[in-house]
Amino acid sequence: MQLIVNGIITGILTGGVYALMASGLTLIFGVMDIINVGQGALVILGAYLSYVLQQKFNIDLFLGLLITMPIMFLFGVLLEWAFIRPLKRDRTILSILVTFAIALIIEGGLGLAFTTNIVKLQAPYVDTSFQIGDFYLAHIYVYGFILSMVLLGGLYVLLYRTKFGYSLRASMQDRTAAQLIGIDVERVSAITFGVGVALAAAGGMVYGATNAFNPNSHYDLISRLLVIIIFGGMGSLRGALIASLGMLVIEDVTALAWSPVWATTVFFTLLVVVLVVRPRGLFGQIEGRKQ
Amino acid sequence: MRTFKLIGLIALLIVTIAFPQVFSNPATTTVAVFTLLYATATTAWNIFSGYTGYIALGHAAYFGVGAYAMAIMCQDWHVPAGYSPFLLLPLAGLIAALIAIPLGWISLRTRKHTFVVITIAMFFIMQLMAYNLRSITNGSTGLSLPIPSEWGGYFFNVPFYYTTLVMLLLALGVSWWVRNSKFGLGLLAIRDDEDRALGLGVRTSSSKLIVFVISAFFVGMVGALHAYFVGSIFPAFAFDPLFDVALALMTFLGGLGTLSGPILGALILEPAQQYFSLQFSQHGYYQIIYGILFLAIILLLPEGIIPTLSKYWLKWKAAHDGTKNAPALAEVIGQENLIPAKSSGTKDGVNP
């Protein structure tokens with residue numbers, strides 16, 4: 001029983017961080033109809049940026065986000081402008097290939113710069129922990145969760161309380177109609193991509209502090225993120241949030257109560273069951289004829 | 001024109017058959033075997049994705065299933081090295097096809113965008129299985145296959161070369177048949193407008209599933225032969241995400257939905273990939289170069305070589321026909337883009 005409670009707590013705390021990374025992915029899909037399979041690599045890139053700031057300049061991990069997130073935002077805008085915007089036909093599939101190529105280049109570049117040795121972000125609060133009963137919880141999980149909730153709250157305000165948010169949601173609903181009423185959809189797309197990548201950087205910092213990583217870690221990450229956004233329904237932020245929490249809770253409970261080896265498999269099996277019953281995921285829109 | 005084409009095809013076949021006799025250097029024939037393997041896999045992939053417009057990015061799952069099926073059969077039945085493992089190839093393909101039936105059924109319940117992501121997820125599930133089902137797959141240590149040591153030296157690659165060539169011709173035959181049958185016409189209708197095709201009486205669900213399973217069958221055979229050729233398998237190699245993307249990239253380079261495009265793409269990219277991985281095996285450089293190559297192809301040649309060439313050829317022909325309606329024809333071709341691989345990218349409201 002104690003094990004299950006522990007699993008639920010760590011699951012919720014790490015799930016919040018995954019929600020951060022997945023919301024970037026699902027937002028980009030919703031607005032631009034493209035699937036950014038480079039999101040995992042961008043998360044790892046963010047983790048390495050925090051690593052450099054901390055090792056070379058001795059900047060705190062959380063303060064460092066004030067530097068890494070704007071950098072990654074600009075990087076995202078640049079990527080969108082240079083590689084996504086030129087795609088005029090077969091956007092969905094070509095965008096997957098393009099973002100995969102970007103992931104490969106990032107992976108290779110990080111391999112050159114940092115070798116493939118496994119590293120982990122270090123900070124005082126990474127090693128200290130709370131004690132709950134006879135169960136220890138590292139501070140970083142709690143701080144990371146709080147950070148995720150703050151950023152997701154900020155995202156909510158951006159989407160639902162600003163003029164840009166209106167434009168973004170309009171572009172999500174109908175790209176053509178949004179263009180017709182004078183919304184600069186290309187600008188919205190670029191900013192959305194940048195926001196998604198900046199969220200990846202924040203998620204990457206927490207990921208890097210709670211997991212050891214190397215440049216190849218992005219395959220593992222992107223597979224989980226893709227599963228999360230399918231489970232929640234592609235393009236649905238609420239779905240991504242609930243699916244991340246659900247996935248990590250199930251995974252951590254299975255890992256603690258049964259075996260870490262089967263932890264992810266249980267979630268993947270659940271995904272297959274959900275898809276059989278509800279092919280569009282939990283909160284997805286029905287995909288139909290959109291002409 | 002027809003006779004020209006026929007003579008050209010026969011000459012090409014003779015060149016392919018004679019190739020390992022002329023260039024018998026093992027380094028060259030090894031690259032040739034890999035190239036033919038990829039050509040078979042891309043042709044099979046194109047039978048599903050090229051004709052139906054549903055882009056599957058999880059075919060490495062069937063590659064891996066075929067590879068593991070081959071290794072396990074060889075191990076459990078004590079198959080001796082030599083020609084007998086070749087006889088197991090159809091069986092390995094069949095096993096991959098059997099696995100593809102439920103996976104295809106589940107993923108094909110969704111439409112194009114979600115389908116792409118689900119195939120990727122399915123691929124990762126299968127990779128995880130290879131790691132976790134230790135009793136069958138031996139976990140991350142992997143399995144080894146019998147090595148035909150009596151074929152040493154120059155002869156080693158030759159049986160593999162011709163077996164792969166037979167597989168390629170079979171896959172090409174199926175692809176040609178599908179392209180020219182009423183069934184294939186239904187698939188193309190699905191690509192252009194699925195709901196209208198359904199309304200006109202095309203059995204969309206079963207058609208999609210059938211070609212999905214056919215392409216998984218061939219990819220499974222490729223995986224099995226690849227495993228036997230390399231001699232050992234482990235999860236990260238048998239279920240390689242690069243394989244998924246390589247199939248799509250090669251097909252896009254050659255021309256999606258054309259008969260010869262996938263083969264041309266494999267002929268260009270696979271030797272290049274082998275060369276890069278040899279030259280820049282130091283970690284990092286290889287991925288960077290491959291990634292840049294990727295970007296260059298997609299951004300510069302999004303339609304693929306064959307469709308681009310055939311568009312120019314039709315224009316040139318129309319311009320040099322000398323008949324009075326030639327300019328009009330050229331105009332029509334320019335507008336309507338009369339190429340076989342006319343894609344349906346705009347049908348999703350993506351880029352109206």
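Modeller: Two residues are in contact if their C-beta atoms, placed from the backbone, lie within 7 Å. This is a predicted model: local features need pLDDT of at least 70, side-chain atom pairs count only at pLDDT 80 or more, and totals for chains, interfaces and linings use all residues. Residues are numbered from 1 along each chain as its sequence is written, while chains are lettered from A and ligands numbered from 1 in the order in which they are written.

Biologist: How many residues of chain B are in contact with chain A?

Modeller: On the chain A side, 46 residues take part. On the chain B side, the number in contact is 46.

Biologist: Which helix supplies the largest share of the side of chain B that touches chain A?

Modeller: Helices are DSSP runs (H or I, at least four residues), numbered from the N terminus. α6 (112-132), α13 (241-254) and α15 (285-300) of chain B each give at least two residues to that side. The largest share, twelve residues, comes from α6(B).

Biologist: Where is confidence lowest in chain B?

Modeller: pLDDT is the predictor's confidence in each residue, from 0 to 100. Chain B has a mean of 84. Helix α11 (residues 204-230) of chain B is highest, at 94. The lowest, at a mean of 45, is helix α17 (residues 326-336) of chain B.

Biologist: Which residue stands opposite A:Ile132?

Modeller: Strands are DSSP runs of E, at least two residues, and two strands pair if DSSP finds at least two bridges between them. Four bridges join β1 (residues 129-132) and β2 (residues 135-138) of chain A, which run antiparallel. In β2(A), the residue opposite A:Ile132 is A:Phe135.
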